[in-house]
Amino acid sequence: MSREGIIMPPRKSAKPATAPKPAKDVRKVGRSTRGRLDDGSANPIDVHVGARIRLRRTLLGMSQEKLGECLGLTFQQVQKYERGANRVGASRLFDLSRVLDVRVGYFFEEISATAQAASPVEVIRGNVTKSVDVPDDDPMTKRETLELVRAYFSINDPKVRDQVLSMAKALGGAK
């Protein structure tokens, strides 16, 4: 028997049609996602670890591109680690410690009490929900300081290094 010319009625669903439900916010109050704070900012501990990566890389005179090559990453990924935008996993931290010739603990040295108070467990508990101002006024993290230190230690003659140090102290007013 041919079905041509026969109009079939619409198929009935087993479930009655209902209006779509509004999307639920799956995040629980006080919980972060992927280590971020509720306001979307990076966790201060991740920012600190990134700053220590940058400090050590710069002290060694290594570019982000070179560090990336050593780790099998792009320089953009290294930039994100250094800003704290991407979290550094344990295995990557281990690789970084080997490439930068430091202990793994180096990345956590000199961490501020403010950053410590924003640990992931505190974020999960809801005790930290917005970005924490972590002061970045340490002169040892400034590019100018790092370049000066590198230049100073590139002077091979110890007597000349002493003279440069004396001159810098005299110009700075230090005794």
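Modeller: The mean pLDDT of the protein is 79, and 70% of its residues reach 70 or more; pLDDT is the predictor's confidence in each residue, from 0 to 100. The model is a predicted one, for which local features need pLDDT of at least 70 and side-chain atom pairs count only at pLDDT 80 or more, while totals for chains, interfaces and linings use all residues. Residues are numbered from 1 along each chain as its sequence is written, and side-chain values use heavy atoms, with hydrogens and water left out. Over residues 23–27, pLDDT stays under 50, and the model has 3 contacts for this stretch beyond four places in sequence; a contact means heavy atoms within 4.5 Å.

The protein has 8 helices and 0 strands, and from the N terminus on its elements run α-α-α-α-α-α-α-α. Helices (H or I, at least four residues) and strands (E, at least two) are DSSP runs, numbered from the N terminus. Of the 175 residues, 26% count as buried. Here buried means under 20% relative accessible area, exposed over 50%, and partly exposed in between, with a 1.4 Å probe and protein chains only. Among contacts between residues at least 6 apart in sequence, 64% join residues at least 24 apart.

The arc is that of the directions from the helix axis to the C-beta atoms. An α-helix has 3.6 residues a turn, so residues three or four places apart point the same way.

Just after H4 comes Asp101, with a positive phi of about 60 degrees. Most residues other than glycine have a negative phi. Asp101 is found in the loop between H4 and helix H5 (113–116), and it counts as exposed because its relative accessibility is 62%. Asp101 and Arg57 are 44 residues apart in sequence, and 9.9 Å separates them in space, C-alpha to C-alpha. The loop between H4 and H5 also holds Glu110, whose phi is near 60 degrees, a positive value in a residue other than glycine. At 63% relative accessibility, Glu110 counts as exposed.

Helix H3 (residues 75–83) has its own buried residues, Val78, Tyr81 and Glu82. They cover an arc of only 95 degrees around the axis, which puts them on the same side of H3. Just after H3, Gly84 takes a positive phi of about 85 degrees.

Elsewhere in the chain, helix H7 (143–153) and helix H8 (158–172) each supply at least two residues of the lining of the second largest pocket. A pocket is, on a 1 Å grid over the protein atoms alone, an open set of points where a 1.4 Å probe fits, with protein on both sides within 12 Å along at least five of seven lines, and lining residues have an atom within 4 Å of a point. This pocket has a volume of about 180 Å³, the volume being the space filled by probe spheres set on the points, which are joined across faces, edges and corners. The largest share of its lining, 5 residues, comes from H8. Among the lining residues are Leu148, Tyr152, Val164 and Met167.

Helix H7 is also the place of Glu147, which counts as partly exposed at 40% relative accessibility. Glu147 and Leu59 are 88 residues apart in sequence and 7.7 Å apart in space, C-alpha to C-alpha.
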